[in-house]
Amino acid sequence: YLISGALVGLFMLHGMALLPEFAATTLRVMTSEDVAWIILVCGFMGSLIALILRAGGFMAFSGFLRARVNSACGVLMGTWVFGLLLFVDDYMNSLAAGTAMRELAEEHGVSSEKLAYVVDSTAAPVSVIVPFSTWSAFYTGLIVSSGMASATEGFALYLESIPYMLYAWFAVLLVPAVATGVVPTFGPMRSADKRGAHTNEESPSPTASPPLSVDAESGPKPGVVPRLSLFVLPMLALVGGTFWFDRDFLSGIYFALGGLIVALLGLRILEFDEAFETVLRGFISMIEPLAVVVASFTFKEVNDALGLPAYVVGIIEPVVTPELLPVAIFVSMAILSFITGSNWGIFAIVMPIVA
């Protein structure tokens, strides 16, 4: 849809010469320093995730939780804690936490709907709140490309905005209240809870899609001994490295990724060729969100050429006061996100207008 919109915009601007202009626009986007930074950060974040998964780090933490969970509430709270610690990427968070906790949910009669709520309401919000994630990398790039901060100050501005991300804070803090029963469920969720408790299994809705799972090549290496340190230390290295290199997120990722590869080779958990293949596989796993990034920036370039930001500002400026601007942004983005089913794409379109 983003590419289709960009092509329509280029047709409006250049008529039948839209294809050469489309080629020039995509080339500008792909050679942009901001977009290149996002591609490297998100891609190698995928590589870091893949290595931790392959080395059994996530499996070790899952086992750590299993030994301490003995109730439905414990399953939900354990899933929440797991999700909080998997802050580096929301998709990886959903996949790893859902896969790791599904069996426990079945054993304790937690419905698939309740498990999905906990996983999803933790994954994206925590990736926004913790600034060492693919989301923060994308938003920092948008902040810089929109002219709101220089390349060296974009990450600092993102850090300063975190306390004001009220929706993310509310969503992630509501989960334990629902899990412990402080906030009771109602409607379809209550029906799902009753079904799960009655059958003492996940018992998914008849219309539910098959759950995602980690394939054999991307999952833990057969025979690997799970080590909790291979989950904890790379996360600490990512955070520590980012601050050590003057809050340079890309340098932090290289530091954590390089250290993990050396550790896995030294411990003989992976051979060099296997580690290299895992790094590539992890990078490739991020192709879909990276394609959205490139398409979003292409659409943004076309919108800028059409004068969309100035046009929208000209319409809204007479009727929106500074006090009303935050709620106007929130409502308009909520509607656009609901209509399009997109998050990253909407941000790329709206950020320059807001700026």
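Lys194 is located in helix 11, where helices are DSSP runs of H or I with at least four residues, numbered from the N terminus. Lys194 is exposed at a relative accessible area of 57%; buried means under 20% relative accessible area, exposed over 50%, and partly exposed in between, with a 1.4 Å probe and protein chains only. This is a predicted model, in which local features need pLDDT of at least 70 and side-chain atom pairs count only at pLDDT 80 or more, while totals for chains, interfaces and linings use all residues. Residues are numbered from 1 along each chain as its sequence is written, and side-chain values use heavy atoms, with hydrogens and water left out.

- Pro188 and Leu173 are 15 residues apart in sequence, and their C-alpha atoms are 22 Å apart in space.

**Salt bridges**
- Five salt bridges are present in the structure, a salt bridge being a side-chain nitrogen of Lys or Arg within 4 Å of a carboxyl oxygen of Asp or Glu.
- Glu301 pairs with Arg28 in a salt bridge whose closest N and O atoms are 3.4 Å apart. Because Glu301 lies in helix 15 (residues 287-306) and Arg28 in helix 2 (residues 18-30), the pair ties together parts that are 273 residues apart in sequence.
- Glu301 is partly exposed at a relative accessible area of 28%, and Arg28 is partly exposed at 45%.
- Arg54, Lys221 and Glu274 are linked in a network of salt bridges.
- Glu274 and Arg54 are both buried.
- Lys221 and Glu274 form a salt bridge at 3.3 Å, N to O. Lys221 lies in the loop between helix 11 (188-199) and helix 12 (229-244) and Glu274 in helix 14, so the pair ties together parts that are 53 residues apart in sequence.
- Lys221 counts as partly exposed at 23% relative accessibility, whereas Glu274 counts as buried at 16%.

**Aromatic contacts**
- Nine aromatic pairs are found in a search of the whole structure; rings of Phe, Tyr and Trp (its six-membered ring) pair if their centres lie within 6.5 Å, and planes under 30 degrees apart count as stacked, over 60 as edge-to-face and the rest as tilted.
- One of these pairs is Phe44 with Phe283, which is edge-to-face at 5.1 Å centre to centre and 80 degrees between the planes. Since Phe44 lies in helix 3 (residues 33-54) and Phe283 in helix 14 (residues 272-284), the pair ties together parts that are 239 residues apart in sequence.
- One aromatic cluster is formed by Trp135, Phe138, Tyr139, Tyr158, Phe297 and Phe347.
- Arg68 lies over the face of Phe64 at 3.8 Å from the ring centre; a charge sits over a ring if NZ of Lys or CZ of Arg is within 6 Å of the ring centre and within 35 degrees of the ring normal.

**Nonpolar cores**
- The largest nonpolar core has 79 residues, of which Phe82, Phe138, Leu238, Phe249, Leu264 and Phe297 touch the most other members. A nonpolar core is a set of buried Ala, Val, Leu, Ile, Met, Phe, Trp, Tyr and Cys residues joined through side-chain atoms within 4.5 Å.
- Helix 3 contributes the largest share of this core, with 11 residues.
- A second, separate core of nine residues includes Ala6, Leu10, Phe299 and Val302.
- Leaving aside neighbours within four places in sequence, Phe82 is in contact (heavy atoms within 4.5 Å) with residues including Phe58, Phe61, Leu65 and Met101.

- Thr79 is placed in helix 5 (residues 72-85) and counts as buried at 1% relative accessibility.
- The side chain of Thr79 reaches the backbone oxygen of Val75 at 2.7 Å.
- Not counting residues up to four places away in sequence, Thr79 touches Met101, Leu115, Val118 and Val119.
- In helix 9 (residues 154-161), the buried residues are Gly154, Phe155, Ala156 and Tyr158, and their cover includes helix 7 (112-129), helix 8 (134-145) and helix 12.

Notes: Helices (H or I, at least four residues) and strands (E, at least two) are DSSP runs, numbered from the N terminus. A polar contact is a pair of N or O atoms within 3.5 Å; within protein, one must be able to donate a hydrogen and the other to accept it, and residues adjacent in sequence count only if both atoms are side-chain atoms.
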